[in-house]
Amino acid sequence: MRNNNDTTRAILDAHNTGPGKRTPALACGRSLSIPGASDTRPSLACGQHPESGRPRHECGVCGIFGHEDAAKLTYFGLYALQHRGQESAGIVTSNGKKVSIHKAMGLVPEIFTESILQGLPGHMAVGHVRYSTTGSSHITNTQPLMVTHKGTTLAVAHNGNLVNAIELRHDLEEKGSIFQTGMDSEVVLHLMARTTHLGLDRALTESFSCLKGAYSILMMTEDTLVAVRDPGGFRPLCLGKLNNGGWVVASETCALDLIEAKYVRDIDPGEMLIINKDEMRSIFPWPKQKTSFCIFEQVYFARPDSDIFGINVYEARKRMGEILAREFPIDADFVMPFPDSGNYAALGYSQASGLPLEMGMIRNHYVGRTFIHPTQSMRDFNVRVKLNPVRSLLQDKRIVIVEDSIIRGTTGKSRVRSLRDAGAKEVHMLVSCPPTRNACYYGIDFPSSTELIAAKRSVEDIADYLGLDSLHYLSLEGLVEAAGLGKENYCLACFDGKYPVEPDLHFHKGALDM
Ligand code: SF4
């Protein structure tokens, strides 16, 4: 577990303005009660994404303050966060007076060249990689979003999902706001624009008090960088220090590592961190609330070399495998992952059970866009193009597969058939989380619960459907134990249906599209 930097914390606390004492009317019209105060995403010829059937990553954000190469550092930060979104990316920079922006559809290295980065001058920057959880995959829905209002420029990059975005948008439209994208994040710009005359602290407090749901947000004006994390802290957000004394705020610590920044601490749930040339300080406008860290970040989304919520992801996934070995010992010849997501839990299972670990399927790391259609006879093309079984290893063997999750079950079915075709005698599967039975409303693009296989079928039915000899899921208690913090710290809604923030059940990805 990483330790917070106490010195920095103390400096930040000393600057903390603390909660206000008023009960002001908010930009959204409610009262605030403050006690005490061009699509290049990889796709296959059949039109499917190679990860079709998997939950999709949400978004990643990275911001820099106080470095003359802010655009380039942000580029590398986004490069490290590419796994969180592959549809589009963007960077906005400022030299204190002039703001520049570039964003486009595609992957980070496809969008930014040396000359484009040179055209983004300044000592501060905010960047974003996107997978669309709200709004379609289109250039109008790329981030950072940027507007100029009464002479001040404001840019926003958002990871998460606002559960009251429809209601807020209707309310703002009634008051004359004109929306230009299909993204929930745009309401933040409109709320801020309506309150900037109150000064930054009150504008932030009033605007964000209207929001419900999950948000790790970076905002930038000409001279100030702001990082905000929702009171539940659904999505990760961390602070690092650059070699030259400047600052970086990013979704995951792997972004800090690539630019040789030192991890300082996580942005706290409910914290607003403000950085400009004069100061670095935090506001905590709301009373402390129960945290709702997304446990799926540990299961699947985050990179294994990142520390999420203070816990290393690689080690957490390995513990999931160790606990699976305790809960479900299986007599077999070897254990194997579906690479890469099952790798670490499979390693943990192997070490705890004593079963050898083998790589029975080999991943093609160069899968990208192909325009050539497979022939009619190429069964399971989408699976084989990415993962190919090692026949000589699998022939007549009893194998245990470790998988991180089963969402629709379509991918798993093809993969198991591919193992059987390669000669496997018995195929058992262990999943390093409980059955995923409920949709996510906080920024993860699960299919609706009608498409989640575990919402419709029993574990035995799923085993039959996938063609398995046996199927076992890690218990909820086992998952929480592996993730490393107490149960009360996590959102577990996709497993237990207990939503920490009431969702809008009518909300869907295209609900705000123009
Ligand atoms: Fe994460 Fe599941 Fe909660 Fe969504 S519902 S935030 S995926 S734990």
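These legends walk through several close-up views of one predicted model.

Local features here need pLDDT of at least 70, side-chain atom pairs count only at pLDDT 80 or more, and totals for chains, interfaces and linings use all residues. Residues are numbered from 1 along each chain as its sequence is written, and side-chain values use heavy atoms, with hydrogens and water left out.

**View 1**
Let us begin with the ligand. Around it are Arg235, Cys294, Ile295, Phe296, Cys440, Tyr442, Ile444, Cys491, Ala493 and Cys494; a residue is near a molecule if one of its heavy atoms lies within 4 Å of it. Sorted by class, this shell has nine nonpolar residues, no polar ones and one charged residue. Here Ala, Val, Leu, Ile, Met, Phe, Trp, Tyr, Cys and Pro count as nonpolar, Asp, Glu, Lys and Arg as charged, and the others, Gly among them, as polar.

**View 1. The largest cavity.**
Where does the ligand sit? Its place is in the largest cavity, meaning that more than half of its atoms lie within 2 Å of the cavity's grid points. A cavity is a set of points, on a 1 Å grid over the protein atoms alone, where a 1.4 Å probe fits but cannot get out; lining residues have an atom within 4 Å of a point. The largest cavity holds about 100 Å³ of space. Its lining has 15 residues, and those closest to the centre are Cys294, Cys440, Tyr442, Cys491 and Cys494. By class, the lining divides into 14 nonpolar, no polar and one charged.

The structure holds 13 aromatic pairs. Rings of Phe, Tyr and Trp (its six-membered ring) pair if their centres lie within 6.5 Å; planes under 30 degrees apart count as stacked, over 60 as edge-to-face and the rest as tilted. Tyrosine 75 and tyrosine 79 make a tilted pair, at 6.1 Å centre to centre with 40° between the planes. The two are separated by about one helical turn because they are four residues apart in helix H2 (residues 70-80); helices (H or I, at least four residues) and strands (E, at least two) are DSSP runs, numbered from the N terminus. Tyrosine 75 is buried at 11% relative accessibility, whereas tyrosine 79 is partly exposed at 42%. For these words, buried means under 20% relative accessible area, exposed over 50%, and partly exposed in between (1.4 Å probe, protein chains only). Ring pairs also link Tyr75, Phe76, Tyr79 and Phe112 into a cluster.

**View 2. A ring pair that includes Tyr442.**
Phenylalanine 234 and tyrosine 442 have ring centres 4.3 Å apart and planes at 35°, so this pair is tilted. Which parts of the chain does the pair link? Phenylalanine 234 is in the loop between strand S8 (225-229) and strand S9 (238-241), and tyrosine 442 is in the loop between strand S21 (426-431) and helix H15 (453-456), 208 residues apart. Phenylalanine 234 is buried at 1% relative accessibility, and tyrosine 442 is buried at 1%.

**View 3. Two cis peptide bonds.**
Glutamine 143 and proline 144 are joined by a cis peptide bond with omega about 5°. Proline 144 belongs to the loop between strand S4 (124-130) and strand S5 (145-149). The bond from proline 339 to aspartate 340 is cis too, with omega near 0°.

How values were computed:
1 Å grid on protein atoms, 1.4 Å probe; cavity = no way out; pocket = protein on both sides within 12 Å on 5 of 7 lines; lining within 4 Å. Points joined across faces, edges and corners; volume = space filled by probe spheres on them.
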